Amino acid sequence: MRMARRYINEDGSSNIQSSFLSCQKDTELILKKLFIDSYPYSDDLKRLLIINTKDCLTDRTNEKYLEVVNDTSLGQLAEDGYVRFVPRISLSENEEVKSYILISYDKFYPNETNSYYRDCVVMIDIICHIDCWDLGNFETRPLKIAGYIDGILNNTKLSGIGKFNFVACSEVVLSENLAGYCLTYKAIHGDDDAIEPEEEVFE
């Protein structure tokens with residue numbers, strides 16, 4: 001009988017570490033910061049994503065708006081496609097017009113002062129249907145969303161990710177109907193970049 005390669009230490013800790021392994025947790029922390037921990041701005045972000053009318057932010061007494069915002073959880077935002085993790089937006093013939101946030105990671109490289117850690121770039125794409133851009137008073141929906149996201153995340157330190165530093169914001173045009181902006185941040189990963197301990201495997 002041959003013992004498989006050990007991936008855990010005697011104390012139960014993992015001996016496999018990589019910044020790629022914490023991306024799932026990082027995404028959860030980012031979304032929690034945006035849509036749960038930053039009230040009342042979290043609710044304003046929901047309004048901008050879910051409610052397609054110009055008065056989505058200005059009409060604070062509309063019972064329908066309040067009900068939609070209160071009833072939509074972070075999990076529901078992901079399930080309904082407002083928050084996405086796969087770089088694809090496909091619209092069915094009868095699908096409701098939406099605004100989208102897509103979180104992705106790029107350019108992993110060793111930290112300049114400690115190669116144990118890896119810096120990476122976190123990209124947040126904000127895509128809105130062109131018909132929903134105009135919010136009135138010279139405001140546009142994707143830039144308004146970008147403003148809330150940047151106000152919440154920039155210079156914020158999240159456990160396991162590090163401090164978010166704004167790098168750039170670029171326009172994104174996907175089609176004649178979908179366009180928006182891509183927010184880019186630099187982040188540093190830390191000690192949470194590890195696989196959970198596993199049982200020993202024998203063959």
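At what angle do the axes of helix H2 and helix H5 cross? I looked this up before anything else in this predicted model.

**Helix pair.** I took H2 as residues 41–50 and H5 as residues 141–153. Their axes come within 10 Å and cross at roughly 155°. Angles over 145 degrees count as roughly antiparallel, so H2 and H5 are roughly antiparallel to each other. I noted the crossing of H2 and H5 as left-handed.

Next I listed who makes the contact. H2 contributes Tyr41, Asp44, Leu45, Arg47, Leu48 and Leu49. H5 contributes Arg141, Lys144, Ile145, Tyr148, Ile149 and Ile152. Sorted by class, the contact of H2 with H5 has 8 nonpolar and 4 charged residues, with no polar ones.

**Strands.** I then turned to strand S2, residues 99–110. S2 pairs with strand S1, residues 83–84, in the parallel sense over 2 bridges. I found Val83 opposite Ile101 in S2. S2 also joins strand S3, residues 118–129, through 10 bridges. S2 and S3 run antiparallel. Here Pro110 stands opposite Arg118 in S3.

**Aromatic rings.** How many aromatic pairs does a search of the whole structure find? I got 4. One of them is Trp133 with Tyr181. Their ring centres are 6.0 Å apart, with 35° between the planes, and the pair is tilted. I checked where the two residues sit. Trp133 lies in the loop between S3 and strand S4 (134–136). Tyr181 belongs to strand S9, residues 178–188. The pair therefore ties together parts that are 48 residues apart in sequence.

Conventions: Residues are numbered from 1 along each chain as its sequence is written. This is a predicted model: local features need pLDDT of at least 70, side-chain atom pairs count only at pLDDT 80 or more; totals for chains, interfaces and linings use all residues. Side-chain values use heavy atoms; hydrogens and water are left out. Two strands pair if DSSP finds at least two bridges between them. Helices (H or I, at least four residues) and strands (E, at least two) are DSSP runs, numbered from the N terminus. Axes are lines fitted to C-alpha atoms, for helices over the stretch in contact, and angles run from 0 to 180 degrees between N-to-C directions. Angles under 35 degrees count as roughly parallel, over 145 as roughly antiparallel, 65 to 115 as roughly perpendicular and the rest as oblique. A crossing is left-handed if the near helix is turned anticlockwise from the far one by less than a right angle, and right-handed if clockwise. Contact means heavy atoms within 4.5 Å. Ala, Val, Leu, Ile, Met, Phe, Trp, Tyr, Cys and Pro count as nonpolar, Asp, Glu, Lys and Arg as charged, and the others, Gly among them, as polar. Rings of Phe, Tyr and Trp (its six-membered ring) pair if their centres lie within 6.5 Å; planes under 30 degrees apart count as stacked, over 60 as edge-to-face and the rest as tilted.
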